[in-house]
Amino acid sequence: MAKAPRSGPYICGIDAALDVVSGKWKGLVLWELHIHGVRRFAELRRALPGVSEKMLTQHLRQMEEDGLVHRRVYAEVPPRVEYSLTESGAALNEALRPLGEWGRERIRRDGLDVVAAPEASVPAPS
């Protein structure tokens, strides 16, 4: 039985937006799917060092319920499952762009450490 999407009541638009992006990994999943278009579960897991299988599964399910991620299952043995952004997920990712710019400036200004992205998550040069 599918859980009903979260529906407030909300105090404001930021409250409603943060409801669907809360959690450490959701913004990173949005970014990864934006960069690569389509990713399988194992590819997402490798691209997000430190995420557990359980947490990634939970976040992907919530993001699917919230209409941010499309999950496509292929009738193969073994089954192949691919994730991609929906139109709503792409719009949310675009809305988060200024927040990412603010974060990059904070990293630069405060001299904060950054974890290098795994090679698997960096797109090949074209």
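## Strands β2 and β3

In strand β3, V81 is the bridge partner of V73. Strands here are DSSP runs of E with at least two residues, helices are runs of H or I with at least four residues, and both are numbered from the N terminus. Strand β2 (residues 69-74) and strand β3 (residues 80-85) run antiparallel and are joined by six bridges. Two strands count as paired if DSSP finds at least two bridges between them. R72 also has a counterpart in β3, standing opposite E82.

This is a predicted model, in which local features need pLDDT of at least 70 and side-chain atom pairs count only at pLDDT 80 or more, whereas totals for chains, interfaces and linings use all residues. Residues are numbered from 1 along each chain as its sequence is written, and side-chain values use heavy atoms, with hydrogens and water left out.

## The hairpin and its cis peptide bond

A hairpin of five residues leads from β2 to β3. P78 is placed in this loop between β2 and β3. The peptide bond from V77 to P78 is cis, with omega near -5 degrees.

Strands of a sheet pair through backbone hydrogen bonds, either parallel or antiparallel. In this model, three strands form an open sheet in the order β1-β3-β2, with antiparallel pairing. Strands β1 (38-40) and β2 stand at the edges with a single partner strand each, so one side of each has no neighbour in the sheet. Direction ignored, neighbouring strands of this sheet are turned by 30 degrees against each other on average.

Three bridges join β1 to β3. R39 stands opposite Y83 in β3, and R40 stands opposite E82. Strand β3 is mostly covered, as five of its six residues are buried (under 20% relative accessible area, with exposed meaning over 50% and partly exposed in between, for a 1.4 Å probe and protein chains only).

## Helix α2 and its surroundings

Helix α2 (residues 26-36) and helix α4 (residues 53-65) pack at an angle of about 75 degrees, with their axes 10 Å apart. Axes are lines fitted to C-alpha atoms, for helices over the stretch in contact, and angles run from 0 to 180 degrees between N-to-C directions. The two helices are therefore roughly perpendicular, a term for angles of 65 to 115 degrees. The contact (heavy atoms within 4.5 Å) involves K26, V29 and L30 of α2 together with L56, H59, L60, Q62 and M63 of α4.

Which residues of α2 are buried? They are K26, V29, L30, E32 and L33. These residues lie on the same side of α2, because they cover an arc of only 165 degrees around the axis, taken from the directions from the helix axis to the C-beta atoms. Helix α2 also lies across β1, β2 and β3, running at about 95 degrees to β3. Just after α2, G37 takes a positive phi of about 85 degrees.

Terms used: Parallel < 35°, antiparallel > 145°, perpendicular 65-115°, else oblique.
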